[in-house]
Amino acid sequence: MAFSEKILATKELVQKEIQPYLAHPEAIAEQNTLRVLDAMRECRVSDAHFGITSGYAYDDIGRAKVEELYAKVFGAERALVRSQFVSGTHALATVLFGILRPGDELVSITGKPYDTMQTVIGYDNPSPGSLKEFGISYNELPMVEGKVDLAGIKNIITPKTKMVEIQRSRGYSMRQPLSIEDIAAICEEVHRLKPDCVCFVDNCYGEFVDVQEPTAVGADIMAGSLIKNPGGGIAPTGGYIVGRDELVELASYRLTAPGMGDELGASLVSNRHIFQGFFLAPHVVSQAIKGAIFAAGMFHHIGYKTLPLPEEKRGDIIQAIELGTAEKLIAFCGGIQKYSPVDSFAAPEPWDMPGYADKIIMAAGTFVQGASIEFSADGPLRPPYNVYLQGGLTYEHATLGILGAAEAVLQIKD
Ligand SMILES: *Cc1c(COP(=O)(O)O)cnc(C)c1O
């Protein structure tokens with residue numbers, strides 16, 4: 001595989017241009033590595049916690065230790081970290097169904113939620129088993145010019161509002177992700193208006209992008225996926241929930257069964273993968289962010305709208321690029337796939353993914369199926385044909401994949 005002269009020349013230029021912006025993610029990675037190390041020391045993580053358990057798995061010390069560690073690092077009282085969560089959506093849905101009761105209202109503060117969450121909620125995208133079928137009402141506060149409408153929160157919270165959902169990452173939209181400061185301000189305002197309202201953060205793609213997490217700055221509970229940031233590319237599957245003690249407990253009764261909660265659930269693979277991935281996660285996130293900065297530089301250079309720009313501060317690991325046509329979106333994903341370590345021979349095609357309203361195209365030549373902390377790209381087949389690029393276990397690999405994608409896109413005529 002070789003790149004054209006034009007692509008290589010652009011790469012040289014872009015690498016020089018972005019050099020000043022790479023120091024920031026590197027500094028954050030060092031600080032977060034120290035935070036994880038300190039917590040591992042305080043928790044006294046040891047070889048004894050790497051065992052495998054079976055059956056009900058009562059008194060699984062490895063599982064308990066993983067959860068103690070997650071809670072500590074995320075500044076929360078309690079955690080539920082399980083391979084039994086099939087995905088991030090499952091962990092997020094477990095929070096919603098665990099805490100909300102018929103007659104309660106859920107409010108999304110960040111406009112339309114991520115596609116799969118719309119299916120869980122059931123108003124935009126009706127689905128059997130959704131919150132709507134259980135008599136939970138729903139409202140949302142649209143974002144204003146890509147920002148949360150802080151002043152509008154007081155008009156949308158009602159006595160019935162049991163929970164607000166705050167999505168940190170951009171999802172499949174061109175809005176900005178929230179910063180930790182944004183999340184702190186939202187939680188403060190919600191709690192000022194209604195102290196018992198639960199501030200729930202969808203933390204997908206946000207972990208370790210900053211030096212604090214939402215639960216350390218006012219969020220009551222949050223959830224995410226282990227095959228994104230906190231799994232560090234090593235966790236084979238799973239999800240996590242962290243937050244206030246009684247809220248995580250309620251969620252645990254939904255994950256297993258009322259009365260059982262977090263006391264059961266076998267560690268079918270060694271928790272070593274979870275510990276090791278969590279230890280690597282701050283570094284891997286920095287690699288992904290550096291890759292995203294390079295992608296922004298590269299595509300900005302060849303004439304595409306990118307969000308964010310290379311110099312902008314990041315709140316998640318996602319790089320959005322507006323490609324404009326379906327052909328370019330498909331070509332981009334094909335380029336990424338070709339430079340993947342796994343399934344490099346496959347050509348990605350748009351398909352009807354479960355939980356999504358539009359057809360989705362995905363490039364993911366990953367070791368862990370669909371892991372988007374590994375270098376991957378996807379996007380819904382709808383105008384303006386944005387591609388969302390994320391992950392990269394190494395900056396070097398992300399760079400090569402982006403060159404491949406740029407090469408493929410340049411071959412499509414306007
Ligand atoms: C990835 C993601 C989810 C959950 O997706 P899964 O594929 O189920 O892990 C939810 N919300 C946001 C914003 C996401 O990026």
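## Buried cysteines

A residue counts as buried when its relative accessible area is under 20%. Keep that cut-off in mind as you explore this structure, which is a predicted model. C187 has a relative accessibility of 1%, so this cysteine counts as buried. C204 is buried too, with a relative accessible area of 8%.

C187 takes part in none, and its nearest cysteine sulfur belongs to C199, 4.0 Å away. C204 is likewise in no disulfide; for C204 the nearest cysteine sulfur is that of C187, at a distance of 16 Å.

Now turn to helix 2, which covers residues 23-43, and helix 3, which covers residues 61-73. These two helices pack with their axes 9 Å apart, at an angle of about 135 degrees. Helix 2 and helix 3 are therefore oblique to each other, and their crossing is right-handed.

Which residues of the two helices meet? From helix 2 come R35, V36, A39, M40, E42 and C43, while helix 3 brings K65, E68, L69, K72 and V73. In this contact of helix 2 with helix 3, six residues are nonpolar, five are charged and none is polar.

Technical notes: Residues are numbered from 1 along each chain as its sequence is written. This is a predicted model: local features need pLDDT of at least 70, side-chain atom pairs count only at pLDDT 80 or more; totals for chains, interfaces and linings use all residues. Side-chain values use heavy atoms; hydrogens and water are left out. A disulfide is a pair of cysteine sulfur atoms within 2.5 Å. Buried means under 20% relative accessible area, exposed over 50%, partly exposed in between (1.4 Å probe, protein chains only). Axes are lines fitted to C-alpha atoms, for helices over the stretch in contact, and angles run from 0 to 180 degrees between N-to-C directions. Helices (H or I, at least four residues) and strands (E, at least two) are DSSP runs, numbered from the N terminus. Angles under 35 degrees count as roughly parallel, over 145 as roughly antiparallel, 65 to 115 as roughly perpendicular and the rest as oblique. A crossing is left-handed if the near helix is turned anticlockwise from the far one by less than a right angle, and right-handed if clockwise. Contact means heavy atoms within 4.5 Å. Ala, Val, Leu, Ile, Met, Phe, Trp, Tyr, Cys and Pro count as nonpolar, Asp, Glu, Lys and Arg as charged, and the others, Gly among them, as polar.
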